[in-house]
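Hi,

Here is the structure I promised to pass on. Have a look, and my notes follow below.

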There are 2 protein chains.
Amino acid sequence: MSKKETIISADGIDADVLFTEFKEHSVADFFKKNRQMLGLYGKQRTLTTIIHELVTNSLDACEEAGILPEIEVQISEIDKEYYEVAVKDNGPGIPENKVGNALGKLLAGTKFHRLVQTRGQQGIGVSGIILFSQITTGKPTKVVTGTTKDKTIALEISIDSKTNSPKITNKQTLEKKHRGTIIKSKFKEIIYKKGQNSVDEYLRRTAISNPHASIKFQDPFGEVTEYPRTIKKLPQIPKEVKPHPRGVSVDEMLSFARHSQARKVSSFLSQSFDRFGNKAIENVGKFVHFDINKDPKKLTWEEAEDVVKAIKETKFIAPNTDNLVPIGQKHIEKSLRAIVEPEFVFVTTRKPSVYKGGYAFQVEVGVAYGGGSGRLVSVDKKADEDGPRETRVSEIIRYANKAPLLFDAGACGITKTVQSVDWKRYGISNFDNAPVSVFVNVVSVHIPYTSAGKTAIADEDEIVTDIKLTLMDVSRKLGTYIIQKKREAEKKEKRRVFSKYVPEIVAALSKSTGKNKELLEKNLMTMVLEKLKLDEEEDKKIEQSEDAKK
Amino acid sequence: MSKKETIISADGIDADVLFTEFKEHSVADFFKKNRQMLGLYGKQRTLTTIIHELVTNSLDACEEAGILPEIEVQISEIDKEYYEVAVKDNGPGIPENKVGNALGKLLAGTKFHRLVQTRGQQGIGVSGIILFSQITTGKPTKVVTGTTKDKTIALEISIDSKTNSPKITNKQTLEKKHRGTIIKSKFKEIIYKKGQNSVDEYLRRTAISNPHASIKFQDPFGEVTEYPRTIKKLPQIPKEVKPHPRGVSVDEMLSFARHSQARKVSSFLSQSFDRFGNKAIENVGKFVHFDINKDPKKLTWEEAEDVVKAIKETKFIAPNTDNLVPIGQKHIEKSLRAIVEPEFVFVTTRKPSVYKGGYAFQVEVGVAYGGGSGRLVSVDKKADEDGPRETRVSEIIRYANKAPLLFDAGACGITKTVQSVDWKRYGISNFDNAPVSVFVNVVSVHIPYTSAGKTAIADEDEIVTDIKLTLMDVSRKLGTYIIQKKREAEKKEKRRVFSKYVPEIVAALSKSTGKNKELLEKNLMTMVLEKLKLDEEEDKKIEQSEDAKK
């Protein structure tokens, strides 16, 4: 760069002057100013996000404690764009000495540091909601909580955002015992509406993916919707899991090594990771350039890197399925049949896999076609003889750890993957405008959300690949169905056309040959039906040769 | 809920047991585990995000100090998916005693707490990058920085994520003076590629929106791209601004009041807010139910709410334009003409406005059509007589505070707004497949990003409205152009058809009437031209009546 330009630029304000404004901020102040990052923007979206945080928190609490969830949600209108939200669960409750930090401090909780499949995983959700309540109404949130041991307590909580710490007021012990937690909070700048992104839709989808939960919702008009549980048995409780060796980064390896109680790297590996058996340790020992009996606390970056490289060259069993609890093929199929009422539905739950960081995950994919599949956009009431004609567009129903994802579809790895499928290969010429519902649930010990608002999943390679392969698998079945259906429709049409002209041809033939009409008609119909049967056999042959090619 | 169901559910694990795992976490650990929330996922995307954070930081530093930015970016390949990135600027530098916290601590900086239009605003960006470098390579980041006063220093920095604090090593004073900052950092799990989401595209777009900056880029192949500055004058430096009364929330009002030095609410209002003149204070004083001369520190929530209500009933001048620095109509038009090479381009910079929270913002919208507008998706080389035919689809070029937004288009308020426009009204029957480039820049003292990765803007009502109105304004001009163009094409076609048949008609007429061929041809041509002119006048009449309807 020439000197001339440098001269043109001013010498500038001194750095010391600029840096007089240097300050540190609390994470509570950060999210208070950036409430959009918690999904708290848009009047309807904000309310749905509030319900999402409270309900997932309740479901997690119940399941972790091994309790069949019973959740009640109530929204009451106080004034225009001003509501009170109450969520009650029958969970384990919060111990008295933990309630402040559990609800009134961001980035605190039992979930963040453990690898366990829960809906919440950040330690932000409910405290973010309490913060939003107080900045829109100036009021604290009311909490009632009781455990099996402690007395039931009632208190009011708010957050000092400058210090990210809880402020508890009006604490009292209740006579009446209640095991579980009730959170009651007021909010302004929100609105309750029905429709696509509503609380109703959120809870309906929650019920689909949580058939073991009983959910009761009272809307601001007093109308009550109940989703009774359809399975009276708690699903397997996801256990905390050690990271799977596959995908663990060097930094994490070192961090684990530093906190390990083991005296040798070899025992550290078997203790700290899932599926790290003796054979794997032996293999790693041969591969690395240092003594595997070394103290793990003294591992250098280069040595840890060596271990990670060795892991790539070693075979490991897939992650333990105990740690991941999908909804299950049977339940998804049942739910889709009951709620979507499609012509065709097919669901697959894939085996667990691991993505970068050693996080185990598993995907479930379902495709529903025809009937009530897709999203209804319009109904033409004076259509053709078959009655009113509905126009439906495709719909992608996304879940992460069984919690519905309603927003930011465009930025979500699930959406991107579904859209990247070449649907023409499966008989769908225009996916966007097809009557299809694609259902995807990703369960993981750590969902890679793109934002603290937990609305979209990052398109991590391994997750994308698994969704895509499962989708293709499911879609192949759909393709066969659609092609079969098209052929049947064609055959029906052929039969209709033949049947229509047979009497005319018979009349003409009878006239010119003088033969018996009835006999002619019988013979001709037999020929037609023979022909259609032949077609069918040829179809089958073609199908078989196509299958053979695969 | 029936008692039976309650009995079925297990009594559950005790809350005390569950809560033994309760922990607090640092914001650095949070983002380390959730790197996706910083936009650090996907190998190409991660590299582009790294460049984005470093370059915006440099541009902000230069501009804040009143220095014409000269920025050099260099990416070198070390190994497969392993690169070194260096960014050098001629900014004010960082004082020695601030460098640790400025680069090695998340949520610390000079931007977060002030209302000033800068590209960075969170105090996360560069420290997040340094954290990502160390967790993928185990190496600290090298920093060289010098201010006008201090000696130039070189050091290495990393972050202790457990405590969110900087670790500085190898600090030394350099003989050679350098005013500005150089950051040199290594990263694994990234990839350099050209194309739509590349570093190249990011820097090209940065150059478009920052014509006063000189940017030089050396890619891993050693190829150098220079974007020399096209304006040798620094744009106005955005000043720190007080919040505008319109849109300030009750919580913020109280928070400001508590920190105010003023003795009366009246003087607090005029001191703490932009545009709060005597007349406005008088009006508020009449509206509220308490004495406006009261101590602002004693303001209750209800009283602050009263003030906010009064503000809604009071007229205020729009926010001071000094605080917002758009790119400007002229510069955007020039850039679009030079880079897109469209047939038609029209740009409007709207007057500033305020969104929820009292944050001033301003939008700029440009539409380019035809020529090189839109994104080229394919070229059919053996098309028709006019040469190869290009297929182009529409493109939305998004900026926030002059920084390009390349990712998560689907989740961005800008995209949603552009897609919500009824483009048919403006002569574009299918927006997705039209050769259109829509340019939108939102500048604000606080951009409402949906994620810490700063890739998408929340669809806050006021911002959406302003973008939409400006778009409609610009598109009306485009519509007139497209309709005019269509009419001209039709007229040309008519003329061609008439001219083609005139000689034949003349020959036939001449034969049947015996009149002179040349005279007949001349008369007929005159008639044709008259007719076309008439059409034109009718067109104009229709246009005028359409305008009158608006």
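How many salt bridges does the rule find across the interface of chain B and chain A? There are 10, a salt bridge being a side-chain nitrogen of Lys or Arg within 4 Å of a carboxyl oxygen of Asp or Glu. One of them joins the side chains of E24(A) and K105(B), at 3.8 Å from N to O.

Before going on: this is a predicted model, where local features need pLDDT of at least 70 and side-chain atom pairs count only at pLDDT 80 or more, while totals for chains, interfaces and linings use all residues. Residues are numbered from 1 along each chain as its sequence is written, chains are lettered from A and ligands numbered from 1 in the order written, and side-chain values use heavy atoms, without hydrogens and water.

Back to the interface. Chain B puts 95 residues into the contact and chain A 97 (contact: heavy atoms within 4.5 Å). About 8,700 Å² is buried between the two chains, with 56% from carbon and sulfur atoms; that is the accessible area (1.4 Å probe) the two parts lose on being put together, summed over both.

Elsewhere, N441(A) lies in strand β18 of chain A (residues 436-444). N441(A) has a relative accessible area of 0%, so it counts as buried (under 20%, 1.4 Å probe, protein chains only).

Cheers

Methods: Helix = DSSP H or I, 4+ residues; strand = E, 2+ residues; numbered from the N terminus. Buried < 20%, exposed > 50% of the residue type's maximum accessible area, 1.4 Å probe, protein only.
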